[in-house]
Amino acid sequence: MSTHVYKHIELTGSSPVSSDDAVRNAIAKASESVRNIQWFEVVETRGHVADGKVAHWQVTLKVGFTLE
């Protein structure tokens, strides 16, 4: 097994659909410019309420990637 060094960044994804979709949106967008993403951790979940219903989800993540 090789040794890895990880760097992590914090992201906030959003979605009107679900918290899972907000996570996927954040990871997909970060993957456009960050290579070697290996893991994520949800650190906070928030939402916006409109007319008594959940209108939008926001999820803050720590995302880890290996350094080259």
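Which residue's side chain meets that of R35 in a salt bridge? E68 does, at 2.8 Å from N to O. R35 sits in the loop between α1 and β2 and E68 in the segment after β3, so the pair ties together parts that are 33 residues apart in sequence.

A quick word on the ground rules. This is a predicted model, where local features need pLDDT of at least 70, side-chain atom pairs count only at pLDDT 80 or more, and totals for chains, interfaces and linings use all residues. Residues are numbered from 1 along each chain as its sequence is written, and side-chain values use heavy atoms, leaving out hydrogens and water.

Take a salt bridge as a side-chain nitrogen of Lys or Arg within 4 Å of a carboxyl oxygen of Asp or Glu, and you get three salt bridges:

| Pair | N to O distance |
|---|---|
| R35 and E68 | 2.8 Å |
| E44 and R46 | 2.8 Å |
| E32 and K29 | 3.2 Å |

For accessibility, buried means under 20% relative accessible area, exposed over 50%, and partly exposed in between (1.4 Å probe, protein chains only). E68 is exposed at 73%, and R35 is exposed too at 56%. E44 is partly exposed at 40%, as is R46 at 27%.

A22, V23, A26, I27 and A30 are its buried residues. Seen down the helix axis, they fall within an arc of 130°, so they line one face of α1. They pack against β1 (6-15), β2 (37-50) and β3 (53-66), with contact meaning heavy atoms within 4.5 Å. Turned away from that buried side are the exposed R24 and K29.

How values were computed. Helix = DSSP H or I, 4+ residues; strand = E, 2+ residues; numbered from the N terminus. Arc of directions from axis to C-beta.
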